[in-house]
Amino acid sequence: PILVLSSLFVSLRARADENISAQGDYFEARVIEILREKELIREDGSQTFQQNLKLKGMTGNWKNKEVVSEGITDLEVMNSGVYKKGDRVMVNAVATFNGNTQFYITDYVRRGSLYWLGLLFAIVILAIGKWKGFKALLGLVISFGVIMKFMIPQILGGKNPLFISLIGCFVIITVLIYITDGWKRESHIAIASVFFSLMITLILSLVFSRLSRLTGLGQEEALYLIGSTAAAIDFRGLLLAGILIGTLGVLDDGVISQIETVKQLKKANPQWSNIQIFQSAFAVGNAHLGAMVNTLFLTYVGASLPLLLLFMLQKSSSLGYAQVINSEVIATEIIRTLVGSIGVALALPIS
């Protein structure tokens, strides 16, 4: 399943690259000779390298053809790496006004390492989880399929991202729970619990995104989508959709654990009243809550680490704390984390 997932991603990414690179022709090549290297020292003391490289095309119109990428210029540009003979790279061939073609290396070709990591991931999950692990991998593939085949095309087609993500999230969680836990009462309760928790998260996201007047354009990636599709994209809805999807992953674990706790407590103490069961299960949920909230928080922090560095850099310069926290980029991450955490916290008593 993980190999199917990787193949789907590669094909979809390649298709996206074709659409984005309307001004050039992307192809893969291998470095066969380093013609010249130049080392630059920035003002902060960091080093960067520029290289002129001879390449041999591996795919597309440039297969088996030798070309030269002239990376040494008078301009100081960010490079994606220092290449050596034998490296496989992505190249963009761009036609110039005088009829010539210039070749720019855009990145390494790193699919091979991703395939090996995917294979290792599948082996570990299957070895430890066995049949349960296989169902988890199957659920992962289905989740990816729902996102890539349903949610993203619908959003790009101009549909409301919030409405589409809510449907997609409910389909994902329903399929995942029934695949991993089977058709039983606990699964029905888990799905209902996740649904109500997501609705609360949705309402809070709507309220505080409007109060904070978020536009959804705080992230750089959103700017590239402006005018890139035939239908207009609702960027605020796209932001809220991301909050729902991010919260969903943590809700699944917490809700299933909480329901199983109630079941085992009832089985071990059949004489206990419903209030006693609830209080004991709630105590277990409280112990689990800190880990769940931290999981959500650290997930967002890990994805936004460069943003946090920028935050500290600006805070220590001319901008004060109030100005930095007021920016839409920072406010978006704060709302995303806190609203998701509230949804996760409320999922425990609900389930």
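Phe195 sits in helix 4 of this predicted model. Its relative accessibility is 32%, so Phe195 counts as partly exposed: the value falls between the limits of under 20% for buried and over 50% for exposed. Phe195 belongs to a nonpolar patch on the surface, together with Phe170, Phe196, Ile342, Leu346 and Ile350. The accessible area of these residues together is about 500 Å². Two elements, helix 4 and helix 10, each give two or more residues to the patch. Helix 10 supplies the largest share, with 3 residues.

From the surface, turn to the interior. In soluble globular proteins, nonpolar side chains tend to be buried together. The largest nonpolar core of this model has 38 residues. Within that core, the residues that touch the most other members are Val194, Leu198, Leu244, Leu248, Leu251, Val255 and Val344. Several helices contribute two or more residues each: helix 2 (111–156), helix 3 (161–181), helix 4 (185–211), helix 6 (235–268), helix 7 (274–303) and helix 10 (328–350). Among these contributions, the largest is that of helix 6, which gives 10 residues.

Once its neighbours within four places in sequence are set aside, Val255 is in contact with Ala190, Ser193, Val194, Ala347 and Ser351. One of these partners, Val194, is also listed with Val255 among the core residues that touch the most other members. Apart from this core lies another, made up of 13 residues that include Trp62, Val67, Tyr83 and Val91.

The backbone has two places to look at next. Most residues other than glycine have a negative phi. Lys130 is not a glycine, yet has a positive phi of about 50°. Is Lys130 itself buried or exposed? Lys130 counts as exposed because its relative accessibility is 59%, and the cut-off for exposed is over 50%.

Arg213 also has a positive phi without being a glycine, with a value near 55°. Where is Arg213 placed? Arg213 lies in the loop between helix 4 and helix 5 (220–225). With 70% relative accessibility, Arg213 is therefore counted as exposed. Helix 4, on one side of that loop, is the element that holds Phe195.

Definitions and conventions:
Residues numbered from 1 in each chain as written. Predicted model: local features only at pLDDT ≥ 70, side-chain atom pairs only at ≥ 80, totals over all residues. Heavy atoms only, no water. Core = buried A, V, L, I, M, F, W, Y, C linked by side-chain atoms within 4.5 Å. Buried < 20%, exposed > 50% of the residue type's maximum accessible area, 1.4 Å probe, protein only. Helix = DSSP H or I, 4+ residues; strand = E, 2+ residues; numbered from the N terminus. Contact = heavy atoms within 4.5 Å. Patch = residues over 30% accessible without salt bridge, like charges linked within 9 Å, V, L, I, M, F, W, Y side chains within 5 Å. Areas by Shrake-Rupley, 256 points an atom, 1.4 Å probe, with all protein chains shown as cover. Salt bridge = Lys/Arg side-chain N within 4 Å of Asp/Glu carboxyl O.
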